[in-house]
Amino acid sequence: MITALARPTVNARWGWLLLLLLLQACSSLTPVPSEADLEGRDDALLALEQWQFEGKMGFRVPGESGSVYLDWRQQQDDYQIRLQGPLGQGAAEITGSPAGVLLVQGDQRWAGASAEALVQQQFGWRLPVSDLRYWLRGLPAPARGEVVELIRDEQGLLVSQAQGDWVLHYSQYQWVDGQAMPGRVKAEADTLGVRLTLVIKGWQLGGAND
């Protein structure tokens with residue numbers, strides 16, 4: 001006797017589709033070759049004028065926790081950061097340059113001198129955008145001051161570092177265009193009550209001038 005199988009619900013089908021897409025994305029990531037020569041990596045990444053990535057950022061801040069999808073595009077000192085998720089009212093976009101920063105959420109716009117101040121003002125917690133620009137590439141942030149605790153693995157890649165109030169942990173490095181790029185970064189500031197976990201994929205390095 002053959003028993004008819006129950007048809008999957010729409011939610012179940014979407015769940016399987018998302019799982020397949022996630023597995024496909026994970027399988028497409030290239031690990032850093034053990035024989036890769038990483039001498040000069042930090043200088044090469046500091047000299048890179050254009051880069052971007054997509055990912056997901058989990059956050060735990062005083063009185064709130066959640067996650068957002070993140071799209072970060074950097075060209076020299078100019079940047080555009082798109083956040084999609086539960087940040088009070090949903091999607092937000094931050095664009096910045098040495099001339100100033102603009103935060104747009106829905107039909108509302110706020111301008112300021114720094115992204116940190118605008119995020120603090122609108123969301124009530126601190127997102128260290130100026131330092132993340134370096135930290136997310138696995139580099140110390142030059143404006144944050146002395147690195148008091150820096151641990152590298154046998155290939156010279158950052159495992160952890162501490163600067164100012166922040167402690168960062170790195171893992172799941174990916175091999176992208178001849179560079180080792182972090183796939184997972186945890187940033188914690190106990191004094192601020194902020195914990196961020198970034199899962200990064202889709203690194204794109206360089207542009208027409210690189």
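Guide: Let's start with a term: a nonpolar core is a set of buried Ala, Val, Leu, Ile, Met, Phe, Trp, Tyr and Cys residues joined through side-chain atoms within 4.5 Å. Keep in mind that the model above is predicted.

Visitor: Which residues touch the most other members of the largest nonpolar core?

Guide: They are Trp-72, Ile-94, Trp-125 and Leu-196, in a core of 52 residues. Strand S13 (residues 194-205) gives the largest share of this core, six residues.

Visitor: What does Trp-72 touch, not counting residues up to four places away in sequence?

Guide: Its partners are Trp-51, Gln-52, Phe-53, Tyr-79, Gln-80, Ile-81, Val-129, Leu-132, Arg-133 and Leu-136. Keep Ile-81 and Arg-133 in mind, as both come back below.

Visitor: Let me step back to the whole chain. How many helices and strands does the protein chain have?

Guide: The chain has four helices and 13 strands. Of its 210 residues, 38% count as buried. The chain exposes about 12,100 Å², and carbon and sulfur atoms supply 51% of that area. Looking at contacts between residues at least 6 apart in sequence, 41% join residues at least 24 apart.

Visitor: How should I read the sheet, and in what order do the strands come?

Guide: The general idea is that strands of a sheet pair through backbone hydrogen bonds, either parallel or antiparallel. Here, 11 strands form an open sheet with antiparallel pairing, in the order S6-S5-S4-S3-S2-S1-S13-S12-S9-S8-S7. Strand S6 (108-112) and S7 are the edge strands, each pairing on one side only. On average, neighbouring strands of this sheet are turned by 15 degrees against each other, direction ignored.

Visitor: Which strands does helix H3 lie across?

Guide: Helix H3 (residues 115-123) lies across strand S3 (78-84), strand S4 (92-97), strand S5 (100-105) and S6. Relative to S5, the helix runs at about 30 degrees.

Visitor: Which residues make up the covered face of S3, and which the uncovered one?

Guide: Tyr-79, Ile-81 and Leu-83 form the covered face, while Asp-78, Gln-80, Arg-82 and Gln-84 form the uncovered one.

Visitor: Now for charged residues. How many salt bridges are there?

Guide: Side chains of opposite charge can pair when their charged atoms come close. In this model the count comes to seven salt bridges. In one of them, the side chains of Asp-77 and Arg-133 meet at 2.9 Å, N to O. Asp-77 lies in the loop between strand S2 (64-75) and S3, and Arg-133 lies in helix H4, so the pair ties together parts that are 56 residues apart in sequence.

Visitor: Is Asp-77 buried, exposed or partly exposed, and why?

Guide: Asp-77 counts as partly exposed, because its relative accessibility is 41%. Partly exposed covers the range between the buried limit, under 20%, and the exposed limit, over 50%.

Visitor: Which residue forms a salt bridge with Glu-93?

Guide: Arg-82 does, with the closest N and O atoms 3.2 Å apart. Glu-93 is in strand S4 and Arg-82 in strand S3, 11 residues apart. Glu-93 is partly exposed at 26% relative accessibility, and Arg-82 is partly exposed at 39%.

Another salt bridge joins the side chains of Glu-188 and Arg-195, 3.1 Å from N to O. Salt bridges that share partners also join Arg-41, Asp-42 and Arg-152 into one network.

Visitor: Let's finish with two single residues. Is Ser-160 buried or exposed?

Guide: Ser-160 is buried, because its relative accessible area is 6%. Ser-160 sits in strand S8 (residues 158-163). Leaving aside residues up to four places away in sequence, Ser-160 touches Glu-149, Leu-150, Ile-151, Leu-168, His-169 and Tyr-170. One of these, His-169, has Lys-186 as its bridge partner in S12.

Visitor: And where is Gly-145 found?

Guide: Gly-145 is in the loop between helix H4 (129-135) and strand S7 (147-152). Gly-145 is partly exposed, at 38% relative accessible area. Gln-163 is 18 residues from Gly-145 in sequence, and their C-alpha atoms are 6.7 Å apart in space.

Conventions
Residues numbered from 1 in each chain as written. Predicted model: local features only at pLDDT ≥ 70, side-chain atom pairs only at ≥ 80, totals over all residues. Heavy atoms only, no water. Helix = DSSP H or I, 4+ residues; strand = E, 2+ residues; numbered from the N terminus. Buried < 20%, exposed > 50% of the residue type's maximum accessible area, 1.4 Å probe, protein only. Pairing = 2+ DSSP bridges. Axes fitted to C-alpha atoms, helices over the stretch in contact; angles between N-to-C directions. Contact = heavy atoms within 4.5 Å. Areas by Shrake-Rupley, 256 points an atom, 1.4 Å probe, with all protein chains shown as cover. Salt bridge = Lys/Arg side-chain N within 4 Å of Asp/Glu carboxyl O.
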